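I opened a new structure today and jotted things down as I went. Here are my notes.

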Amino acid sequence: MHSRALSDDQLFHLLRDDTPAGDLTTESLAIGARPAALTFQARGAMTVCGSEEAARLFELAGAGAHIVAPSGLTVEADALLLEAKGRADDLHRAWKVAQTLMEWASGIASCAAAIVAAASPVAVGATRKSVPGVKAMSIKAVKAGGMVIHRLGLSETLLIFAEHRLFLDEEPENTVRRLRRLQPERKIAVEVGTLDELRRWARAGVDVLQLEKFPPEAVAAARAALDGDGLQPVLLAAGGIDAGNAAAYVAAGADALATSAPFTALPRDVQVRFRAAY
């Protein structure tokens, strides 16, 4: 089972944000003390994510919750995902926050799973282009869908873009030599936009060549060029990759894929059913 990506403090903040001065409707109707129960069900097939956070939201609101479908599980339509019991006001307090979080995270996970399936057996990595402020849940969601992490941020990987190379006044071989001396434990990746750039940096000895927005036929040409030169850096296709074209990139000879597509995926619907408990 996946662990929670959000702390209790973060989850409390989500609850407070939705009820800054209480639940006006439930309080005005004077139904808060009534015993109640609810279920979360998948309206359609999905790869689930966020069950752990949703259950904890109900617990923090004062109710009890049971996870039926943990993050990472692929389910069919109408599958039971989660159950919660408690006072009506506690369930109402957590209901919409928990539902929305699961729908959004499951959308990311389901999109990731579709790309992974299309690219199999080649690995698919998630880029660092998640929506600012929601990285922890976004990363949990792509991993729930079977993706690996291409890059979390700027601190852990060496990836040279054209925007870096604007300021370099040296040959690629010298850049690679300097980086190997400064960061001997790190692999060196370079994003290239043409076959000429690819050849120059491959001959300089980089470990990874990131092919930015190369169509599949250009990836095939890149693979042929490297094979012809006897060079074997990892070919990473990136930019515009989704479930519809991932297989074509694999067939063209990409060693791995990197994509941001899941981060803007549509949510998956979670149906909530309340009932009074007597």
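Which residues in α3 meet which residues in α4? I found Ser-51, Glu-53, Ala-54, Leu-57, Phe-58 and Leu-60 on the α3 side, and on the α4 side Leu-91, Arg-93, Ala-94, Trp-95, Val-97, Ala-98, Leu-101 and Met-102. Contact here means heavy atoms within 4.5 Å.

Ground rules, before I go on. This is a predicted model, where local features need pLDDT of at least 70 and side-chain atom pairs count only at pLDDT 80 or more, while totals for chains, interfaces and linings use all residues. Residues are numbered from 1 along each chain as its sequence is written, and side-chain values use heavy atoms, with hydrogens and water left out. Helices (H or I, at least four residues) and strands (E, at least two) are DSSP runs, numbered from the N terminus.

**The helix pair.** I looked up the axes of α3 (residues 51-60) and α4 (residues 88-119): they come within 9 Å and cross at roughly 170 degrees. That makes α3 roughly antiparallel to α4 (the label needs an angle over 145 degrees). Axes are lines fitted to C-alpha atoms, for helices over the stretch in contact, and angles run from 0 to 180 degrees between N-to-C directions.

**The open sheet.** I traced four strands in the order β3-β5-β1-β13, with antiparallel pairing. Strands pair if DSSP finds at least two bridges between them. β3 (64-67) and β13 (270-276) are at the edges with a single partner strand each, so one side of each has no neighbour in the sheet. The twist averages 15 degrees from one strand to the next. Between β3 and β5 (residues 80-87) I noted four bridges, antiparallel, with Gly-64 opposite Lys-85 in β5. Helix α3 turns up again here: it packs on the sheet, touching β1 (35-42), β3 and β5, and its direction makes about 165 degrees with that of β3.

**Around β12.** Next I checked β12 (residues 256-259), which is covered on both faces: Ala-256 and Ala-258 on one side, Leu-257 and Thr-259 on the other, all buried. Buried means under 20% relative accessible area, exposed over 50%, and partly exposed in between (1.4 Å probe, protein chains only). β12 pairs in the parallel sense with β6 (residues 123-126) over four bridges, and Ala-126 stands opposite Thr-259. β12 also pairs in the parallel sense with β11 (residues 234-238), over three bridges.

Is Ala-248 buried, partly exposed or exposed? Ala-248 lies in helix α10 and counts as partly exposed, at 36% relative accessibility. I also looked at Ala-220: it is 28 residues from Ala-248 in sequence and 9.9 Å away in space, C-alpha to C-alpha.

Methods
Angles under 35 degrees count as roughly parallel, over 145 as roughly antiparallel, 65 to 115 as roughly perpendicular and the rest as oblique.
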